[in-house]
Number of protein chains: 2
Amino acid sequence: MALIVQKYGGTSVANPERIRNVARRVARYKAMGHQIVVVVSAMSGETNRLIALAKEIMPEPDPRELDVMISTGEQVTIGLTALALMELGIKAKSYTGAQVKILTNDAFTKARILDIDDHNIKQDLNDGYVVVVAGFQGADEFGNITTLGRGGSDTTGVALAAALKAEECQIYTDVDGVYTTDPRVVPEARRLDKITFEEMLELASQGSKVLQIRSVEFAGKYKVKLRVLSSFEDEGDGTLITFEDDKDSDMEEPIISGIAFNRDEAKITVLGVPDTPGIAYQILGPIAEANIDVDMIIQNTGADGATDFTFTVHKNEMNKALSILRDKVQSFIKAREIIGDDKIAKVAVVGVGMRSHVGIASQMFRMLAEEGINIQMISTSEIKIAVVVEEKYMELAVRVLHKAFELEGD
Amino acid sequence: MALIVQKYGGTSVANPERIRNVARRVARYKAMGHQIVVVVSAMSGETNRLIALAKEIMPEPDPRELDVMISTGEQVTIGLTALALMELGIKAKSYTGAQVKILTNDAFTKARILDIDDHNIKQDLNDGYVVVVAGFQGADEFGNITTLGRGGSDTTGVALAAALKAEECQIYTDVDGVYTTDPRVVPEARRLDKITFEEMLELASQGSKVLQIRSVEFAGKYKVKLRVLSSFEDEGDGTLITFEDDKDSDMEEPIISGIAFNRDEAKITVLGVPDTPGIAYQILGPIAEANIDVDMIIQNTGADGATDFTFTVHKNEMNKALSILRDKVQSFIKAREIIGDDKIAKVAVVGVGMRSHVGIASQMFRMLAEEGINIQMISTSEIKIAVVVEEKYMELAVRVLHKAFELEGD
């Protein structure tokens, strides 16, 4: 008998029929003797409906009142889910975030969890109840309702699993696990049985959309085993996201776990800037002040006291960043030219195995060169090598690398 | 400067435009220097939508979980109302019932208010906020969400007014006050400026639908001045429901305040029963056990040791009541015959003035007799005389009495 937290997203509870499906799955786990905590999102579309309603009244809604409104989406789902369980003859009881209580700070619409009171939930589990908790929400120290931001229901699931010391936190979604890469680009992509947290973080931040990056960080920090499963299939064990130590010391363990890609970024290059201390801050300071997120940053050692400085931002913010640099920065730092390019894509190979295997980078660069794909930027971490290439070569690059690192299924 | 509680029903907050109207009215009162607590219902139709959703999952929904769901209706409205006030530049803050906290017993879907913590609301009012409270809901001692039953938002408004010692509780609705009778039956019906609680209670229980009877009782008990106003008109002072002592000792004060009527009842007569102790219980005991509400009850002194026993029930329950009496009671008490009649109506004249004026009853009976209307049953209280007549004469009876007691407007 284990304590399991199961989190179901908006598409998994989109209508009464799907909520009945959720109840049937929970019933099967309960019949195996497990204690179950179910975390649910709002029915898909509901949060957006409520935000639109708020904006009809106030175009930029006050965040405290917006949270009061949008938290009702999950509140309706917990009631429905508890009813669906009861209809199957299972004892069930719902909790809003405030009722649990999931204590957060007071950063309305993007609050962070500070503490979870597990007293009532544990009592209910011991009394044989399935406990149904509203995801995405909590309350601050004064009882004000807060929400955790988009994807916050994953975070609620992980935080509850940590507080209750659950065996694992199962995230049910509309895919059946984490893949070596997007199957829409590479049909041979293979579902991974296991992946480490670090790899998952790199995949998530490199553009894989399966899990909210914040919930993965949270799970890593509190050592919660995460499992990604499909809520539309009853077969399969999904993908377990685990710690490096737990991985089977399988001789055949792959060096590379997956390939991520992202075509949402644009590249900005500042040409001919003086190679002097403080230049990076003079360029990126005004960008940060304008709340523009920067991803990759590259600066080469310059020749003749001058250098080129390149960084990437979201495509939607390229023009804003260019204006700032041309208006406020260019003449001040005496840059020769400032160029923007939004026809780029980022491709990254990710795997803990590359720590102990030299030559992954050179193998990657050789494969791309053989296909005539020019590499514009390179960025690396211990378990990731990311390159920027021309956008039109992105899919080719992903397919070539997927094959070269032997990630295909049987 | 006064503290005023304003309660707006579902039709008054049915859409963003109407919510903006509510905010504009609140803003006007605020500009006069008043402190305002606004109590709102769910947008019209929302509670029924949520109940239907629950029933799709569980035909007879668990009441605790149903309350979790349906309480979200008012929660959305408080957010929207607070936003609408802010959009007008007014400081506003919303509270759910649980946040206030409005403490109730744990009778889910029909809870009763036990206590109200006015601490936070008072502080907010003193800080210049308009406080927006969700009607219809509260929480029990364990923090479970409860609802107060249909019309519960009126009760929330009155209870808050009592707790905060408000100057008055204004109930905004789709009529502009309490009338001498239904203007659809008597076009000359006149809006009353004032009416006593006792009269209002008699009018409400006699079929006037303006206010929930429970909130009127509550207001009477806690000496809260109630005022019924239209939320669709900016003119007019509505009808103040007040205490007899407060009424101006106006020489011209009418003896009769209004005429109520009701065609929802049916009459059941048990003929030829022995005039012995316990007979009323033997007849009505099985009716009460079947959860059938009984309104009027008449028993005459019998001649020759036998009597007739008559009572009224809701039309929908007449056949059920007849079956019970014929199957279980008739032979036991040796009744000669049991007759049902659903072609009846009840007409009542109500007024505190009749306490000190003899002859109202005889005047009423004479008027009806002059029109050839036969009186089937009579029931009286200190401030009410009700008669049952054939249904087809109901409107005639109302019009004749309205004229006879000089209730017409100018």
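1. Two residues are taken to be in contact if their C-beta atoms, placed from the backbone, lie within 7 Å. By this criterion, in what is a predicted model, 28 residues of chain B are in contact with 28 residues of chain A.

2. On the side of chain B that touches chain A, three helices each supply at least two residues: α1 (16–31), α2 (46–57) and α3 (63–87) of chain B. The largest share comes from α3(B), which provides 15 residues. Sorted by class, this side of chain B comprises 18 nonpolar, 6 polar and 4 charged residues.

3. A separate point concerns helix α8 of chain B, which covers residues 213–221. Buried in this helix are B:Ser215, B:Val216, B:Phe218 and B:Ala219. Viewed down the axis of α8(B), the buried residues fall within an arc of 160°, so they line one face of the helix.

4. The backbone just after α8(B) also deserves a remark. There, B:Lys223 takes a positive phi of about 55°.

5. In chain A, the note turns to A:Ala288, a residue of helix α9 (residues 279–289).

6. A:Ala288 and A:Ile241 are 47 residues apart along the chain, and their C-alpha atoms are separated by 33 Å.

Key
Residues numbered from 1 in each chain as written. Chains lettered and ligands numbered in written order. Predicted model: local features only at pLDDT ≥ 70, side-chain atom pairs only at ≥ 80, totals over all residues. Helix = DSSP H or I, 4+ residues; strand = E, 2+ residues; numbered from the N terminus. Nonpolar A, V, L, I, M, F, W, Y, C, P; charged D, E, K, R; others polar. Buried ≥ 20, exposed ≤ 12 C-beta atoms within 10 Å, placed from the backbone. Arc of directions from axis to C-beta.
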